[in-house]
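Look at the sequence and the model below.

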Amino acid sequence: NANVKVSVDPANRLLLSECHTAGHVVDAAMAKCDKLLPPTKGYHFLDGAYVEYKGAIDVKEREEFLSRLKVAYQELIDEDMPTNIQTLPINEAESLCNRLAQNFSMKDFTSPTDPNPN
């Protein structure tokens with residue numbers, strides 16, 4: 001029952017938010033290349049951001065795939081899509097964020113004792 005004071009560095013928070021958004025750009029580029037491998041892990045920090053996927057790309061296809069992936073990244077950058085952060089009810093978040101793969105389970109982010117986690 002202790003009081004806690006939390007402070008957030010706004011500049012660092014923005015930078016990490018952009019790094020997180022880049023993970024979604026990776027997913028979008030993979031989809032543009034028709035590689036819908038399910039993402040299994042994302043690390044969105046500046047010391048080595050990455051997204052891991054379940055599955056593999058055949059060694060013989062990797063060079064050509066990387067070329068297509070670079071083009072897909074550039075197309076996404078050129079689109080200059082606006083991004084925004086939203087707080088959504090669970091069912092909307094599940095629908096939007098898990099439409100291609102089970103990216104997360106809301107059970108990981110809610111208390112089992114909360115009767116209405118929306």
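What does the accessible surface of the chain come to, and what percentage of it belongs to carbon and sulfur atoms? The surface is about 9,600 Å², and 55% of it belongs to carbon and sulfur atoms. Accessible areas come from the Shrake-Rupley method with a 1.4 Å probe, and for residues only the protein chains shown count as cover.

The model is predicted, so local features need pLDDT of at least 70 and side-chain atom pairs count only at pLDDT 80 or more, while totals for chains, interfaces and linings use all residues. Residues are numbered from 1 along each chain as its sequence is written, and side-chain values use heavy atoms, with hydrogens and water left out.

The chain has 3 helices and 2 strands, in the order α-β-β-α-α along the sequence. Helices (H or I, at least four residues) and strands (E, at least two) are DSSP runs, numbered from the N terminus. Of the 118 residues, 18% count as buried. Buried means under 20% relative accessible area, exposed over 50%, and partly exposed in between (1.4 Å probe, protein chains only).

Helix α1 covers residues 10-32. The expected span of a helix is 1.5 Å times one less than its number of residues. For the 23 residues of α1 this gives 33 Å, which agrees with the 33 Å between its end C-alpha atoms. At its start, a side-chain oxygen of Asp9 comes within 3.1 Å of the backbone nitrogen of Ala11. After α1 comes Asp34, with a positive phi near 60°. The buried residues of α1 are Ser17, Cys19, Gly23, Ala29 and Met30, and their cover includes β2 (50-53) and α2 (62-79).

Ala29 and Met30 also belong to the largest nonpolar core, which has 9 residues. Such a core is a set of buried Ala, Val, Leu, Ile, Met, Phe, Trp, Tyr and Cys residues joined through side-chain atoms within 4.5 Å. The largest share of this core, 4 residues, comes from α2. One core member, Leu69, is in contact (heavy atoms within 4.5 Å) with Ala29, Met30 and Cys33, leaving aside neighbours within four places in sequence.

Ring pairs link Tyr43, Phe45 and Tyr50 into a cluster. Rings of Phe, Tyr and Trp (its six-membered ring) pair if their centres lie within 6.5 Å; planes under 30 degrees apart count as stacked, over 60 as edge-to-face and the rest as tilted. The count comes to 2 aromatic pairs. Tyr43 and Tyr50 have ring centres 5.6 Å apart and planes at 20°, so this pair is stacked.

| Residue | Relative accessible area | Class |
|---|---|---|
| Tyr43 | 27% | partly exposed |
| Tyr50 | 30% | partly exposed |

Conventions: A polar contact is a pair of N or O atoms within 3.5 Å; within protein, one must be able to donate a hydrogen and the other to accept it, and residues adjacent in sequence count only if both atoms are side-chain atoms.
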